[in-house]
Amino acid sequence: MKLIFFLTFFYFSFIEAHHKIYSPLVEEGRQSFEWRGHFDVDDRVEVNKAHHHVLETEYSWTSFWQSELEFHISDKKDTPLDWEKTEFQNQIQIANFENFAGALYFSYNFVSEGREGDEIEYKYLNQFYNEDFGIISNFIFEKQVGKTASGSTTFDLSNYVYVKNLIFNMIDFGILGFSDFGEISNFNVFGEQEHQYGFQIESDFKFNEIEYEWAVGYLHGLTDASANHTIIWNFEVEFF
C-alpha cells in the first residue's frame, strides 16, 4: 500500500546542481566529505560518455546554518577533465516542524570553464517527511554575473520522493526528477527544455563512529535537449 501511494503521487507530480537534491534539514556540528557525479549515454557524439564529478565538503555551524565548498570537474568532448567551477554555498533553515522543514540557499560559482560569466544561485528547499517516507523539492533560480555574463535568470525544479527501508529493510528507494525550463523571461518550448526522471537507491552504515552513505540511480531523458540515459552516484563520509 505504501509503494502504491508513493508511485501514484509521483505520477501526478511535475517534477539541478548536477543531480543533487538538497534537504533543508541542518544538524549542528555535522561535517562531511562527498564525491558525486553522473555519466551520460546518448546517441549524439558530443554528449555520449560525458561525465561530471563534484568534490564537496560541508560543515554545519549552528542548528540552522551550514556552509559547503564544491569543486566541479567535467569531462566533455572538447574539454577533457576540465576544472569547470568552484562553488561556495550557504544554507539557512527557516522552518523546522515535526513533519516539515524549509530552507533558503545561496551560492556563488566561480566559473573557470571557457568565457562564461560567474553564477549566482538561489534556492528554496522544502521537505515533508515521517519515519516511512518523504518528499523533497528544490526550486532553483540561477543567473550569470560579471562582464562576460549572458542571458537572464533561469528556473529549475527538482523533486525526490522516497520510501525508507523498502528493500531488505535497509535500502531506501526513491523516484526523482530534474527539470530545466530555461530563462524565466521566456521559457523554452518543451522540446528544448531538459527533463530527466528516474529512480535511486541509497543506504548508510556506521563504522568507528563515522557514518558512510551511498546512493546510485538512473535517469531517463524525456526531451531532445536531455541526455538519453544518465547514471548518477553519490558517496559521502559524515561525522560530528
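Biologist: How many salt bridges does a search of the whole structure find?
Modeller: The search finds 12. A salt bridge here is a side-chain nitrogen of Lys or Arg within 4 Å of a carboxyl oxygen of Asp or Glu. This is a predicted model: local features need pLDDT of at least 70, side-chain atom pairs count only at pLDDT 80 or more, and totals for chains, interfaces and linings use all residues. Residues are numbered from 1 along each chain as its sequence is written, and side-chain values use heavy atoms, with hydrogens and water left out.
Biologist: What does Glu56 pair with?
Modeller: Lys20, at 3.1 Å, N to O. Glu56 is in strand β2 (residues 51-60), Lys20 in the loop between α1 (2-11) and β1 (31-41), 36 residues apart. Helices (H or I, at least four residues) and strands (E, at least two) are DSSP runs, numbered from the N terminus.
Biologist: Are Glu56 and Lys20 buried or exposed?
Modeller: Both are buried. Buried means under 20% relative accessible area, exposed over 50%, partly exposed in between (1.4 Å probe, protein chains only).
Biologist: And what about Glu236, which residue does it bridge to?
Modeller: Arg30, with the closest N and O atoms 2.5 Å apart. Glu236 sits in strand β12 (residues 229-239) and Arg30 in the loop between α1 and β1, 206 residues apart. Glu236 has a relative accessible area of 7%, so it is buried. Arg30 is at 10%, so it counts as buried.
Biologist: Switching topic: where is His72?
Modeller: In strand β3 (residues 65-75). His72 counts as buried because its relative accessibility is 0%.
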